[in-house]
Every structure is written in C-alpha cells, then in structure tokens.
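Visitor: I am new to this structure and would like to learn how to read it. Could you take me through it step by step?

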Amino acid sequence: MTTPHHDVIAARLSDYALGYLTPDERREVEQHAGQCDACSQELSELLLVMDGLARSAEPVVPPAALKQRVLARLGRETQEGVATVQPLPGRMVVADVRRSGWSGAWLAAAAALLLVAGGSLYLSLERQDRIASELARVAGEITELQQRLGDNAAQADMVLSILTAQDMRRIDLASAGGTQASAARAYWSPTRGLLVAADNLPVPPPGRVYQVWLIGSGGGPVSAGILGSPGAGRGLLIAPPPGGISTGPVTVAVTDEPPGGLPAPTGGKHLIGSL
Amino acid sequence: MQVATDKGVRADADARIVARLAAGDMDAAAELYDRCAGQVLGLARRIVRNEGDAEEIVQDVFSQAWRTARAFDTSRGSVIGWLLIMTRTRSIDRLRARQSRPDTTAESYTDTLRAPGPSPSDQVLSDEQATRVREALVALPAPQRQALELAYFEGLTQSEIAERLPEPLGTVKTRVRTALMALRQGLRA
C-alpha cells in the first residue's frame, strides 16, 4: 500500500521507535500500521532493535548487598500492597491511604482551587507560582492514589472471579496444634486462584511472616504467597493459581517463614485444611 | 521452528514468573533478580555512568516491577525487555535531572513501547537476535553509531544531537535512520 500517507508514516517509523513523536503522531502511526503490513513489519522490527539496544549494554555482576537491599524493599512493599483490600461480603474497604499528609494535600488542593477560582485576577505572580507547584504536587499524589485504586480494583476483580468460579471450592483451615483458636477459610479455584482469609491469628514470631502453601495430589507444597495483615489478628491472601497444582484434592497450609517467604516450607505449621 | 519454540517456552516462563510476582511471591522476585539484575545494572550504569545512581535505579526498577506486575501483559513482550525499558526511562530521567535538561524523550519512549504495537507476538527478541543486534551496532560506522548511541543511551533528541556533535540536523537524522536500518538487517542475518 504505497500512498502519499503511507510514505509520510513510513518515514516516521524510526522516530516512533526512538520516542520522538507526539502522542497524536504516535496514534497516527499506530493506526496506519494496523492496516499496512509493510509498516507493521518494519515497526515490529524497530521495536525489537530497541530491545536489542537495551540488551547491548554489558551486563555487570551486581554487588551481593544489592540483592538484599532490593528484596528488603520489596518485602516492605508487599505488606502494604497485599493488605489494602478487605473482601467483606458486598463491600470493599480501601484501607491504605496511609501516607501522612494526605488530608493536608487534599485541603491544600481545595484551597488552591478556591483561590484560583475566586481571585485569579488578584494573585501575585509569586503566589501563582506557589499555587502551580502545589497543584503539580497534588496532581502527582492523585496519580499515585489512582495507581493504588487501580491495584485495589484489580484485586477486587480477582476476588470476585475466584468466588464466582464454577470450580471454586471452600476449604476450612483449623489451627494446627496450637492453643490459639485461629481459623481460616480458603476459597480455591484451580483456574482463577486462591483467596485465604484468617482470623484470630497470633502475631507471627519475631522476624517471621505467614506463608501460604498449596499441596496438590502427588506433589510437594507450592507457595501461594505471603499472608497480608489487613488488621490485628487477621490475615488475607489473594493470589492467582500457582503453577503445578492439579485440579484434584488439595491441602492448604500456613507456616511461618522468614520475610519474603521461602520456596519450600521450613517453619512451624499454624493452619491447615484439606479438601 | 526452533526459534518460535524457544520464544514460546520463554513466554510461558515469563508468564509464570510475572503471575508469581503479582501474587507477592518473594522467591519469584529473587529469581527474577538473579536472572536480570546484571543486565539492568549494566544498562543503568551505561546510561548514568555512576555506580550509586545505577544501583538506586536497580532498586527502583525491581520495586516498580513488583508493584505493577499485575498490569504486565506477557503477550506484549519479554520480562527482560520490560525491565530494561523501565531501566532506560529511569536512567535517562536521572541523567536529565543531573544535567538539568528538560525531560523530552524518556516518558514518550516508555509510552511508545507500551502502546499497542501492530503484531505483539513478534515483539520478543530471542537471545540470538539480541547478539546479532549488538554485533551490528559494533559494526556500524563510527558517526552512525555515535548518533544512535546519543539518541538511545542519552535520550537526546535529534536536535540536541546535532547541537552536541555539531552537525546539521539533516545529517543526524540520516545517520540515526541508516543506523537503525543496519540493525534491522542485523536481526535477520
């Protein structure tokens, strides 16, 4: 398909790959490539070349301590992320708008908007600058909140999809020999994933976290993830189906493990239940 | 086809590790780190040329991957490609902040690669292809290579490259485009 339009677009493909185009120009290129095999092919190859350029930098052996720093940081972030949704029947609570300064930011935004709306003509330039930077800051925080809400919406979707799956089965977990009357319900769908909600959980031993395991017939335990803690004594996990678990009978177990969890259980067993 | 099979196997492995990552599986994060941190650090260091900054970028990239794994679609590219796009964007941001240059390309580049491409299944680079692109890059005539490296590794616009070299803008554009064409040939070699 060689039309004048095609020639214009074809000449822009490398600019597209290098990120030189405006959003409108990019859309134009994508639209055309959707209908033009030659451009589509060239664009795919150019994007592969970009990938190749990224991989042309010589790999470096990272210092050993860096891995610990990375994993420690992820460990802190897991707890925040997993603990944000409480799937109580019919309602969802966003529990993690916990950054200090949130209400301050909203107030500042409201104040700034009022000022702009009410008296923009009378504002000094310096004040306008201040307000502009405040608005920019607030916009950044809103973006972050949207991201969190998006994460929560994705979790809520997953909860709904597990609970409504045709192959979902409920497994009751009981305290594994402990004196505490902890208990949990697991909702397991081999196609959609696993939801575990625990109550009366003791605080894990110092420096340990609760890790959830699925044990299928004829296989070893497979980690389903770390139990988040949406409130005192409560535990919650929402996870896609881990690989390697068959559709047959399963056992769900909760053990305590080092932060971040381990590939196979080593710690004390706290909860267990079988289907 | 051998290559297609390799890609299929890798796409499956990628999908599994991303699902585990999204589930908060720290083992998956450790595995991904072991597999990719060397390349992430290598690219970050290549761009920012500062060990401390590069290591911070590695932390930021794995943190971003951890937080956004749920949104990553493995049919749209490889995990390593995804990590390296984030690495490049963050590294160029860092570089621009350090040099107080306005941020013009990093964001749009990320958007570009996130944007729906025409045939996503083709967009996973095999290891052999990566090697061939690297060889083709090394084999480029020096002026072409320099122009492309300024665009890719420093995030310079073509006008900025023209100013830096200094060469006419038209010359820079031709060099970049010719260099990219040679690398595309390299993919197929």
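Guide: Gladly! Let us begin with chain B: among its contacts between residues at least 6 apart in sequence, 68% join residues at least 24 apart. Two residues are in contact if their C-beta atoms, placed from the backbone, lie within 7 Å. Please keep in mind that this is a predicted model, where local features need pLDDT of at least 70, side-chain atom pairs count only at pLDDT 80 or more, and totals for chains, interfaces and linings use all residues. Residues are numbered from 1 along each chain as its sequence is written, while chains are lettered from A and ligands numbered from 1 in the order in which they are written.

Visitor: What helices and strands does each chain have?

Guide: Helices (H or I, at least four residues) and strands (E, at least two) are DSSP runs, numbered from the N terminus. Chain B has nine helices and zero strands, giving the pattern α-α-α-α-α-α-α-α-α along its sequence. In chain A there are seven helices and 10 strands. For chain A, 58% of the contacts with a separation of 6 or more are between residues 24 or more positions apart.

Visitor: Could you show me one buried residue?

Guide: Take A:Leu195, in strand β5 (residues 193-199) of chain A. A:Leu195 counts as buried because 24 other C-beta atoms lie within 10 Å. Leaving aside neighbours within four places in sequence, A:Leu195 is in contact with A:Val159, A:Ile162, A:Tyr187 and A:Ile238. The C-alpha atoms of A:Leu195 and A:Pro240 are 8.8 Å apart, although 45 residues separate the two along the chain.

Visitor: How do I read a single helix?

Guide: An α-helix has 3.6 residues a turn, so residues three or four places apart point the same way. Now look at α3(A), residues 23-35: at 1.5 Å a residue, its 13 residues should span 18 Å, and the end C-alpha atoms are 19 Å apart, which agrees. The expected span is 1.5 Å times one less than the number of residues.

Visitor: Which residues of α3(A) are buried, and which are exposed?

Guide: A:Val29, A:His32 and A:Ala33 are the buried ones. Seen down the axis of α3(A), these buried residues fall within an arc of 100 degrees, so they line one face of the helix; the arc is that of the directions from the helix axis to the C-beta atoms. On the other side of α3(A), the exposed residues are A:Pro23, A:Asp24, A:Arg27, A:Gln31 and A:Gln35. The cover over the buried residues of α3(A) includes α1 (4-10), α2 (13-18) and α4 (37-54) of chain A.

Visitor: How are two packed helices described?

Guide: Two packed helices are described by the angle between their axes and the distance between the axes. In chain B, the axes of α7(B) and α9(B) come within 8 Å and cross at roughly 95 degrees. That makes α7(B) roughly perpendicular to α9(B). Axes are lines fitted to C-alpha atoms, for helices over the stretch in contact, and angles run from 0 to 180 degrees between N-to-C directions; 65 to 115 degrees counts as roughly perpendicular, under 35 as roughly parallel, over 145 as roughly antiparallel and the rest as oblique. Among the residues that meet are B:Leu148 and B:Ala151 in α7(B), with B:Val172 and B:Val176 in α9(B).

Visitor: How many residues do the two chains bring to their contact?

Guide: 60 residues of chain B are in contact with 56 residues of chain A. On the chain B side, α2(B) gives the largest share, 13 residues.

Conventions:
Buried ≥ 20, exposed ≤ 12 C-beta atoms within 10 Å, placed from the backbone.
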